[in-house]
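The exercises below are meant to be worked through with the sequence and the 3D view at hand. Try each task before reading its solution.

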Amino acid sequence: MQIKPGLPWKELPLGGVIDVPGSSVEFHTGDWRSSRPVIDLNKCTGCMLCWLNCPDNAIKIKNGKVEIDYDHCKGCGLCASVCPVKAISMRREALEEEERHGSKHKP
Amino acid sequence: MKHEKPLPATGALAAATAMKQAKPDVVAAYPITPQTPIIEAFSKFVANGDVNTELILVESEHSAMSACVGASATGARVMTATAANGLALMSEIVFIAASLRLPIVMNIASRALSGPINIHCDHSDVMLVRDSGWIQVFVENPQEVYDYNLIALKIAENMKIPAMVIQDGFITSHCLEPVRFLPQQVVDNFLGVYNPGNHSLLNPITFGPLDLYDYYFEHKRQQLQALEDSKQVIKQVLKEYNNLAGTNYNIFETYKLEDAELGVVVAGSTAGTLKHVVNVLRDKGVKAGLLKLGFFRPFFQEELKQALKHLKAIAILDRSASFGAFGSAFYNEIKSALYDLPGEKPKVLGYIYGLGGRDFLIQHGFEIFNELQKIATGAEPVFRVRCIGVREG
């Protein structure tokens, strides 16, 4: 049974059983993040130390460039601390939010 | 279907025999007094080849219920037994078994929860897990132990809710009485082959994943509904069992209650003592009656209300203490069911009895009916809940 967010109790499998495998990617653990890693691709050498150290498999390579999967990055900051060229900086989500919406409060 | 001739059996042997006839795929258990003779007898059946069960003798009750959960999740028919501190130790997994909707049947030889250390009967162990999502049925004697094991298994597997069959430790578990067992063929036809649905080793699925604020409440809502829906299934299964075994079981038993003015509500072996008291009082012209609780989970509030509404005064007996509460579990829930009655309601007294195996005597029964008589004829009660059979000084 495919579980979609917002399903009422009658439509969910009994006891929370998961009978379709691979559903963990649909759980956006990135929602918990309070700081997000931001990569400066001009500094990045592509050494992949961040990829090696990320505990959440949230560092991806797309078109030869390092990219962060913000749906699953919990913002632990390991990538920033291991980056030998300081290409990754941690930014408060609240500040990001403020810049995006021009307000201190989430809409 | 006719019974075979009665054979002498303790409550423990009756439970083990029902388990043998139910042919569970897996039994995982750890010994604890007074449950030990159940698994002792069952392991003898396994050793003699009378039943082809994987008997897992684990290192603690926490492991026993964990092994039962694992086995049941694969789609196996699973049974076990425990008591008292064993039930307390496994209680974490008791909740999980119900949450994962695994229809395990567990025999309980109910016993006091220490301390100081006590190994004798009271119902404080099963009250500890009354909110765990299991079906709970109290039985009076070894015959009922046998019958209700089969009944409970059928209900459990039908509803995907685990069930505990609760007999009084020592009083029922170690007491030899004649028991009529059903022929194996009849048990096989009644229980059928367990169909676990999509639980299968060939089709792996995940049990017990992380279930946070976005889904957990919905799964609890399912459980609330399952226990409510089980009421109809319980009635059906009891009817089916009565037809084939010639028994006369109901969700609870009423004894001379229909025309009674004074009634007692009790669960377990003490019902036998109180039926005798009712008989003696009836001979003296007192309109006494009794209601013996069978199923406590689910709680049949509507049926209980209808069965008790005509009484002038009711005594509700609990073999457990809820420290700091206004009376114990039976008293609380039955009295609150009666609150919805229109007009004049029956007067209710609560009694706590038999803790740690203290005998409930015939004289205690007379004492209770005496007090009921007083409040039924208009006297103000001098107490709402009291202990009976304790040395007050």
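**Exercise 1.** Locate B:Ala84 and decide whether B:Ala84 is buried or exposed.

*Solution.* Begin with the place of B:Ala84, which is in helix H4 (residues 84-99) of chain B; helices (H or I, at least four residues) and strands (E, at least two) are DSSP runs numbered from the N terminus. Next, count neighbours: a residue is buried if 20 or more other C-beta atoms, placed from the backbone, lie within 10 Å of its own, exposed if 12 or fewer, and partly exposed in between. B:Ala84 has 29 C-beta neighbours inside 10 Å and therefore counts as buried. Finally, look at the backbone, where B:Ala84 has a positive phi of about 40 degrees although it is not a glycine.

Before going further, note that this is a predicted model, in which local features need pLDDT of at least 70 and side-chain atom pairs count only at pLDDT 80 or more, while totals for chains, interfaces and linings use all residues. Residues are numbered from 1 along each chain as its sequence is written, and chains are lettered from A and ligands numbered from 1 in the order in which they are written.

**Exercise 2.** Describe the backbone at B:Arg101, B:Pro116 and B:Pro298.

*Solution.* Keep in mind that most residues other than glycine have a negative phi, and most peptide bonds are trans. B:Arg101, in the loop between H4 and S5 of chain B, has a positive phi of about 60 degrees, and its 25 C-beta neighbours inside 10 Å make it count as buried. The peptide bond from B:Gly115 to B:Pro116 is cis, with omega near -10 degrees, and B:Pro116 is found in the loop between strand S5 (105-110) and H5 of chain B. The bond from B:Arg297 to B:Pro298 is also cis, with omega near 0 degrees; B:Pro298 is in the loop between strand S12 (295-297) and helix H10 (301-308) of chain B.

**Exercise 3.** Which residues does B:Leu128 touch, not counting residues up to four places away in sequence?

*Solution.* Then apply the contact rule, by which the C-beta atoms of two residues, placed from the backbone, must lie within 7 Å. The residues touched are B:Leu87, B:Ala88, B:Ser91 and B:Leu113.

**Exercise 4.** How many helices and strands are there in chain A, and why is chain A described as more spread out than a compact globule?

*Solution.* Chain A has 3 helices and 4 strands, which run β-α-β-β-α-β-α from the N terminus on. Its radius of gyration is 17 Å, well over the 13 Å that the globule rule gives for 107 residues, so chain A is more spread out than a compact globule; the radius is taken over C-alpha atoms, and the rule is 2.2 Å times the number of residues to the power 0.38. The C-alpha trace of chain A spans about 50 × 35 × 25 Å along its principal axes, and buried residues make up 15% of the 107 residues.

**Exercise 5.** How many residues of chain B are in contact with chain A?

*Solution.* Here 15 residues of chain B are in contact with 8 residues of chain A. On the chain B side, helix H8 (residues 216-245) gives the largest share, 4 residues.
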